[in-house]
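I opened this entry to keep track of what I looked up. The notes follow the order in which I went through the chain.

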Amino acid sequence: MGNRMNQSAVISDPVLKMFDADVSQVLGDISAWLGLDGISMQMQPNLVRHKVTVACEHSFTNEFYNTLHQGKAEFHGAPALKQGYVADHVKSEADKRFKALVSVDNMRREVLDGKLWEPSRVVCDEILATSYEDCTSCHNGSVTCGGCSGDGTQICNNCRFTSHPAGYVTCWGCHGTGGGRDAGTQAWYNCSVCNGWKRKRCGTCNGSTKVRCGGCGGNGTVHCGSCGGHAYFTRAHGFRVSLELKAHCQSDTMPEMDAKYFAVWLKEGLPNRASHEAGTIMPYAEIDKPSSRYEGWKDGVYTALLGFNCNVTTGIVKATYAGEQTEFLYGRFGTPAFGFPNFLDHVVDDVLKVVVEKEDMPPSEYLATFSRIPGLAAGMRVSGSSKDGKSKFMDEALGVLRGSVHSELIDIAVDGYLASVGVMERDVSGRVGRDVSLAVAAAWIASWFGGLFEYIHGLNGDYRLLATVGLALGVAGLSARLVRFMTRRRISAETGASAKYGLRGRGKILCFLGGVAFAFAGMLSVTYGG
Ligand SMILES: [Zn+2]
Ligand SMILES: [Zn+2]
Ligand SMILES: [Zn+2]
Ligand SMILES: [Zn+2]
């Protein structure tokens, strides 16, 4: 499946040689996809080398911050300094980091790593020094206990609110009556526990009215909450830089369409750029000698510029295909770029006409009709019946065809196929559903003769209900799976690809009702029929 091409230009020119190779490749891919026996074209390329000046704007945002940590905290590589030395040290270290970031080497790397037009990113975040600070809200890590005000004791609650003298509680032997009268003689006798005093010394505080403070265990002090009892803090002094990278491209000669291709190539980090400016069609980018400007480190936002030149070749190719004059765009960036007019629409159109004339084609016939266009038939197969499959295939197809066929035609062809599969799915699942209902009915009769319902009926109350519901759900689930499995198998047999059919609302409800009917009809048959 070769391409027959006649070019009027001299092929020995290295620029035209590469153009020739690129065109052969892309036309070969298109004709293989469309099932053509090569694409015969006469071409007259008019290629121009454009100079593009790129100014990359590196916007840095600097930020100093600090964080406070209880007690000792260490950060890799950050020295612990006396407070008076921190500011100078942090400034000078930050300046080193910043100089490295705005260096030509680093800015060039950012561009070549493909970071242009990425949202703002953190490119440096480091703790540069630490310092210690005393805790001002405690003494040696301890503070006075709030529960006892430093006393270490609390008032005893056991004897607190009684009508007795401090340290005493109501007698538990007489409940405060002091004694009682004998039931027979009516003679008074004193309580043997309190001897008539109606009170006893408090057992909790031994009459002292004070108990050990629960908050501090009697110490009178507790750990300081703010410093965690360490009595000091570590303050970490950090430096953070974020970067946003944008570019301005300027060319006196490059057309707008080519500028768009150029921007994509630049965004990818200028892959496959050549190091020699002349004698090749490959794009050339002179970023070994960039001009950059940096006027010393500043707080806040700082912008550094990196400028360089690129040379790219693009052009309009006058072409004659099937006796008709046409034009297409060519450009050599990281990969060759082509912009074809829709000059091959007729290939897809011819097959679509056949499909439209014969309405309601089953999927296999649809595929057979499109087998003349191998790329399209293969795409239909993998799209199956899913929208995701279709959009993935569309992207691939448009990448191969590069405008030679109007995307709408591909869209119509694939949609037609998906519709045909949809019609078949509904049809097949309906037929399968009827088969499965018959099988379920046969199973019901077998279960009845086998005594399954009688067995369930014989179970005790709760178990009987559980078994009935379980049977209903089991039959519903099994028949749903049967319908799905058999439908998929029949569709796979039809299309030669794995089917993705899933039961939709109505099918699910029918299977569920079938299961319920199975179980409850069974129970009724033994309750009333037996
Ligand atoms: Zn403290
Ligand atoms: Zn206390
Ligand atoms: Zn008593
Ligand atoms: Zn007490």
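**Loop residues**

I started with R402, which counts as partly exposed because 18 other C-beta atoms lie within 10 Å; the cut-off for buried is 20 or more. I found R402 in the loop between α8 and α9. Its phi is near 50°, a positive value in a residue other than glycine. This is a predicted model, and I read each of these values as computed from it.

I then looked up S149, another residue that is not a glycine but has a positive phi, of about 55°. S149 sits in the loop between β5 (142–144) and β6 (153–155). Is S149 buried or exposed? I noted it as exposed, because it has 12 C-beta neighbours inside 10 Å and the class takes 12 or fewer.

M254 came next. I placed M254 in the loop that lies between β13 (232–250) and α4 (256–267). M254 is partly exposed, because its C-beta neighbours inside 10 Å number 19. Setting aside neighbours within four places in sequence, I listed H50, V52, A259, F262 and T314 as the contacts of M254. I also checked M254 against D388: the two are 134 residues apart in sequence, and their C-alpha atoms are 37 Å apart in space.

**Confidence**

I checked how far the prediction can be read. The protein has a mean pLDDT of 86, and 94% of its residues reach 70 or more. Which strand has the lowest confidence, and which the highest? I found the lowest in β1 (residues 5–7), with a mean of 43, and the highest in β4 (residues 121–134), at 96. Over residues 1–10 pLDDT stays under 50, and the model has 22 contacts beyond four places in sequence for them. Where pLDDT is low, the predicted coordinates should not be read in detail. I left that stretch there.

**Strand pairing**

I followed β2 (residues 41–70) and β15 (residues 301–321), which run antiparallel and are joined by 21 bridges. β2 is also joined to β13, again antiparallel, by 18 bridges. I used S59 to follow both pairings: its bridge partner in β15 is T303, and its partner in β13 is E244.

From β13 I went on to β4, which pairs with β13 in the antiparallel sense over 12 bridges. In this pairing S131 stands opposite R235 of β13.

From β15 I went on to β16 (residues 324–332), an antiparallel pairing with nine bridges. β15 and β16 form a hairpin with two residues between them, and A322 in the turn takes a positive phi of about 50°.

**Helices**

I looked at α7 (residues 374–383) and listed G375, L376, G379, M380 and S383 as buried. Why do they lie on the same side of α7? They cover an arc of only 135° around the axis, so they fall on the same side of the helix. I then asked what covers the buried residues of α7. The cover includes α1 (14–34), α6 (363–370), α8 (387–401) and α9 (407–450).

For α11 (residues 461–495) I checked the span. Its 35 residues reach 51 Å from the first C-alpha to the last, close to the 51 Å expected at 1.5 Å a residue. I noted buried residues in α11, among them L471, A472, V475, A476 and S479. Further along, A480, V483, T487, I491 and T495 are buried as well. Just after α11, G496 has a positive phi of about 75°.

**Nonpolar cores**

I ended with the cores. The largest nonpolar core has 85 residues, of which V348, F370, I410 and A413 touch the most other members. α9 gives the most to this core, with 11 residues. Leaving out residues up to four places away in sequence, I found A413 touching V348, L352, F370 and L376. There is also a second, separate core of 10 residues, which includes V143, C145, C216 and F233.

Terms used:
Residues numbered from 1 in each chain as written. Chains lettered and ligands numbered in written order. Predicted model: local features only at pLDDT ≥ 70, side-chain atom pairs only at ≥ 80, totals over all residues. Helix = DSSP H or I, 4+ residues; strand = E, 2+ residues; numbered from the N terminus. Contact = placed C-beta atoms within 7 Å. pLDDT = per-residue confidence, 0-100. Arc of directions from axis to C-beta. Expected span 1.5 Å × (residues − 1). Pairing = 2+ DSSP bridges. Core = buried A, V, L, I, M, F, W, Y, C linked by C-beta atoms within 7 Å.
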